[in-house]
Amino acid sequence: MLENSWYTVISPENCSSILWRSWDQKEKAAEELRLTPDNMYKFGLIDSIVPEPLGGAHWDYAEAAALLKPKLIWTLGELSQMTPRERVERRIEKFGRMGFWNEVPA
């Protein structure tokens, strides 16, 4: 995941409008969604954080691609050493570990 990106299935504004019936809590929603690469890495949702050029990837596409390329080459090299079955099993294991919840006693 690029270091200045965020990942979520819902925008903070829409999350706020669902939970609080207003966009006024969008900053709180963004905090609760934990959208940042640091959080995504800590939760095991991503494998690594890729640095971006000064100012962000959108300012220098060529440099962003140059920073991403070694990570992609390394990852493809790792994956190419596995059988298709091993890759599928690893993916199932990884996705099976994702998520967390708290059970509230009834």
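Ile 18 is exposed, because its relative accessible area of 53% is over the 50% cut-off. Ile 18 sits in helix 1, which covers residues 12–20. This is a predicted model. Its mean pLDDT is 92, and 99% of residues reach 70 or more.

**Surface patch**
- Ile 18, Leu 19 and Trp 20 make a nonpolar surface patch.
- The patch has an area of about 310 Å².

**Salt bridges**
- Side chains of opposite charge can pair when their charged atoms come close.
- The structure holds 2 salt bridges.
- One joins the side chains of Asp 47 and Lys 94, at 2.8 Å from N to O.
- Asp 47 lies in the loop between helix 3 (37–42) and helix 4, and Lys 94 lies in helix 5, so this pair ties together parts 47 residues apart in sequence.
- Asp 47 is exposed, with a relative accessible area of 56%.
- Another salt bridge joins the side chains of Arg 85 and Glu 89, at 3.3 Å from N to O.
- Arg 85 and Glu 89 are 4 residues apart in helix 5, so about one helical turn separates them.
- Arg 85 is exposed at 63% relative accessibility, whereas Glu 89 is partly exposed at 38%.

**Largest pocket**
- The largest pocket has a volume of about 730 Å³.
- Its lining counts 24 residues.
- Asp 47, Thr 75, Leu 79, Arg 90 and Lys 94 lie nearest its centre.
- Helix 4 and helix 5 are the elements that give two or more residues to this lining.
- Helix 5 gives the largest share, 8 residues.

**Confidence**
- Among the elements, helix 4 (residues 61–80) has the highest mean pLDDT, 96.
- Helix 5 (residues 84–97) has the lowest, 92.

Notes
Residues numbered from 1 in each chain as written. Predicted model: local features only at pLDDT ≥ 70, side-chain atom pairs only at ≥ 80, totals over all residues. Heavy atoms only, no water. Patch = residues over 30% accessible without salt bridge, like charges linked within 9 Å, V, L, I, M, F, W, Y side chains within 5 Å. Areas by Shrake-Rupley, 256 points an atom, 1.4 Å probe, with all protein chains shown as cover. Salt bridge = Lys/Arg side-chain N within 4 Å of Asp/Glu carboxyl O. Buried < 20%, exposed > 50% of the residue type's maximum accessible area, 1.4 Å probe, protein only. pLDDT = per-residue confidence, 0-100. 1 Å grid on protein atoms, 1.4 Å probe; cavity = no way out; pocket = protein on both sides within 12 Å on 5 of 7 lines; lining within 4 Å. Points joined across faces, edges and corners; volume = space filled by probe spheres on them.
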